[in-house]
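Let's explore a protein together, one question at a time. Have the sequence and the 3D view open as you read.

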Amino acid sequence: MGRGSSGPSTAPAPRGTVRQRLDQLVREAVKFGAVGGAGLLVNLLVFNLVRQVTDLQVVRASVIATVVAIIFNYLGFRYFTYRDRDRSGRTKEMSLFLLFSVVGLVIENGLLYTATYGFGWDSRLQSNVFKFLGIGVATLFRFWSYRTWVFRALPAREPGTGSAAAGAGAGPVARGGAKPPARQHVP
């Protein structure tokens, strides 16, 4: 069936909506990746710096680096990636961010801990490889949790709140009243 022969159905509208949502998700993922990539560099640089200048054990050095990266990432996510998201409830936002960041920290450093103390892989190269892998696994969790729970999208505007919708009986619903019974329009 051709595009114009679909009759009264509104198939192109949902397709456009899906396309818009997919485009928005891609833009969000790119911004998340930019902040995350910078956070990855901060994490690895601090990790190797702490290991170089102190005698801390590998996982402790990693936890310090992860905490520094979490602070860096919060600023990047709030003011770059998710700057258009709801800003009300900043205390709740920060609390959830810290909660999910701590879960990510456990995922990231749990993998490093297992490699280091479970398998004895503790050379500098091995530590960096497992630190990197742990960051990757934790990033998947963080992306999902931050976008779903922390940086919540603002509510979408009702598509039918214009004057044309008011004539179709949508007006009272938009104002909080009861929806009148549906009328049948005979062509």
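**A helical protein, step by step**

In this protein of 187 residues, 27% of the residues are buried. Keep in mind that the model is predicted.

Q: What share of the contacts with a separation of 6 or more joins residues 24 or more positions apart?
A: A contact here means heavy atoms within 4.5 Å. Among the protein's contacts with a separation of 6 or more, the share from residues 24 or more positions apart is 72%.

Q: At what angle do helix α2 and helix α4 pack?
A: Helix α2 covers residues 58-81 and helix α4 covers residues 124-150. Their axes are 12 Å apart, and the crossing is right-handed. The packing angle is about 35 degrees.

Q: Which residues of α4 are met by Val58, Ser62, Ala65, Thr66 and Phe77 of α2?
A: The residues in this contact divide into four nonpolar, three polar and two charged. On the α4 side, the partners are Ser127, Lys131, Arg142 and Tyr146.

Q: Is Thr116 buried or exposed?
A: Look for Thr116 in helix α3, which spans residues 90-118. Buried means under 20% relative accessible area. Because its relative accessibility is 6%, Thr116 counts as buried.

Q: Which residue has its backbone oxygen 2.8 Å from a polar atom of the Thr116 side chain?
A: Leaving aside neighbours within four places in sequence, Thr116 is in contact with Val58, Trp121 and Asp122. The backbone oxygen at 2.8 Å from the Thr116 side chain belongs to Leu112.

Q: How far is the C-alpha atom of Leu96 from that of Tyr146?
A: Leu96 is found in helix α3, while Tyr146 is one of the α4 residues that meet α2. Along the chain, Leu96 and Tyr146 are 50 residues apart.

Q: Which residues does Leu96 contact, leaving aside its neighbours within four places in sequence?
A: Leu96 is partly exposed, with a relative accessible area of 21%. With those sequence neighbours left aside, its contacts are Trp149 and Val150.

Notes: Residues are numbered from 1 along each chain as its sequence is written. This is a predicted model: local features need pLDDT of at least 70, side-chain atom pairs count only at pLDDT 80 or more; totals for chains, interfaces and linings use all residues. Side-chain values use heavy atoms; hydrogens and water are left out. Helices (H or I, at least four residues) and strands (E, at least two) are DSSP runs, numbered from the N terminus. Buried means under 20% relative accessible area, exposed over 50%, partly exposed in between (1.4 Å probe, protein chains only). A polar contact is a pair of N or O atoms within 3.5 Å; within protein, one must be able to donate a hydrogen and the other to accept it, and residues adjacent in sequence count only if both atoms are side-chain atoms. Axes are lines fitted to C-alpha atoms, for helices over the stretch in contact, and angles run from 0 to 180 degrees between N-to-C directions. A crossing is left-handed if the near helix is turned anticlockwise from the far one by less than a right angle, and right-handed if clockwise. Ala, Val, Leu, Ile, Met, Phe, Trp, Tyr, Cys and Pro count as nonpolar, Asp, Glu, Lys and Arg as charged, and the others, Gly among them, as polar.
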